[in-house]
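Please keep the sequence and the 3D view at hand while reading.

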Amino acid sequence: MEPSPVTDFVADPSLAGVPARAVEPFAPPSDAWRRVSPKLTIVRRITSSLTLALLFIPAALVLWFVLPELRWLPPLVLAVGLGWWVWLWTRARRAVRATGWARRDNDLCIVKGLMFRELSIIPFGRIQVVRVNSGPLLRAFGLANVSVVTASAAADAVIPGLPGDEARVLRDLIIELSDAEGSGL
């Protein structure tokens with residue numbers, strides 16, 4: 001029996017073999033790839049410690065007094081919280097090292113994530129708003145987050161944990177380049 005011509009797959013001969021400039025899909029798209037500040041690791045560790053302490057310790061105490069017949073449940077809740085804290089603590093450094101950005105001639109590239117990698121490439125001409133924010137903990141370490149907003153909600157991106165001066169310079173540069181490129185809308 002002859003296969004149907006509609007269901008047969010015919011490979012494109014021009015795509016045979018490995019492309020000359022084949023790279024990993026999340027590799028830096030330029031030589032000017034920059035990582036966020038390593039101080040962000042400490043901020044993330046403190047944040048996760050506080051969050052989990054404020055979540056799991058009160059939950060265990062409430063369970064201890066509300067359900068006295070289930071005395072095994074509060075230690076289990078604390079053990080789960082401790083395990084989660086250890087996991088977040090150990091992966092914080094790798095998560096920060098996996099976050100970076102690059103400025104090319106016409107766009108801004110942002111990469112982040114460990115298990116679920118993400119590479120965002122945002123044309124300067126599409127950037128509508130640039131935000132710089134910093135909470136008390138980030139400010140204590142001299143860091144700030146730079147956010148860019150586009151007309152598409154899916155293209156919004158954040159570069160976390162930049163040193164304050166670098167965040168200011170990047171903000172001004174993005175504004176200058178987005179004005180030069182024009183919105184195209």
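## The sheet of four strands

In what order do the 4 strands of the open sheet lie? The order is S1-S2-S3-S4, and the pairing is antiparallel. At the edges are strand S1 (33-35) and strand S4 (118-123), each of which pairs on one side only. From one strand to the next, the twist averages 20 degrees; axes are lines fitted to C-alpha atoms, for helices over the stretch in contact, and angles run from 0 to 180 degrees between N-to-C directions. Strands (E, at least two residues) and helices (H or I, at least four residues) are DSSP runs, numbered from the N terminus. Two strands pair if DSSP finds at least two bridges between them.

The model is predicted: local features need pLDDT of at least 70, side-chain atom pairs count only at pLDDT 80 or more, and totals for chains, interfaces and linings use all residues. Residues are numbered from 1 along each chain as its sequence is written, and side-chain values use heavy atoms, with hydrogens and water left out.

## Pairing within this sheet

S1 is joined by 3 bridges to strand S2 (residues 100-103), and the two run antiparallel. Arg-35 has Gly-100 in S2 as its bridge partner. Strand S3 (residues 107-112) pairs with S4 in the antiparallel sense over 6 bridges, and Lys-112 has Glu-118 in S4 as its bridge partner. The hairpin of S3 and S4 has 5 residues between the strands, and in this hairpin Gly-113 takes a positive phi near 105 degrees. Strands of a sheet pair through backbone hydrogen bonds, either parallel or antiparallel.

## The sheet of three strands

Another open sheet has 3 strands in the order S5-S6-S7, with antiparallel pairing. Its edge strands are strand S5 (127-133) and strand S7 (157-163), each pairing on one side only. Neighbouring strands of this sheet are turned against each other by 20 degrees on average, direction ignored.

S5 is joined to strand S6 (residues 143-150) by 6 bridges, and these strands run antiparallel. S6 and S7 also run antiparallel, joined by 5 bridges, and a hairpin links S6 to S7 through 6 residues. S7 is mostly covered, with 5 of its 7 residues buried. Buried means under 20% relative accessible area, exposed over 50%, and partly exposed in between (1.4 Å probe, protein chains only).

## Polar residues in the strands

Is Asn-145 buried or exposed? Asn-145 lies in strand S6 and counts as buried because its relative accessibility is 17%. Its side chain reaches the backbone nitrogen of Gly-161 at 3.0 Å. With neighbours within four places in sequence left aside, Asn-145 is in contact (heavy atoms within 4.5 Å) with residues including Arg-131, Leu-138, Ile-159 and Gly-161.

Asp-107, in strand S3, is buried because its relative accessible area is 12%. A polar contact of 2.8 Å joins the side chains of Asp-107 and Arg-104. A polar contact is a pair of N or O atoms within 3.5 Å; within protein, one must be able to donate a hydrogen and the other to accept it, and residues adjacent in sequence count only if both atoms are side-chain atoms. By contrast, Asp-105 is in the loop between S2 and S3 and is exposed, with a relative accessible area of 66%.

Not counting residues up to four places away in sequence, Ile-174 touches Leu-108, Phe-124, Ile-127, Val-130, Val-146 and Val-148.

The end C-alpha atoms of H1 are 41 Å apart, which agrees with the 40 Å that its 28 residues should span at 1.5 Å a residue; the expected span is 1.5 Å times one less than the number of residues. Among the buried residues of H1 are Leu-40, Leu-52 and Phe-56. The cover over the buried residues of H1 includes helix H2 (73-97), helix H3 (136-140), S6 and S7.
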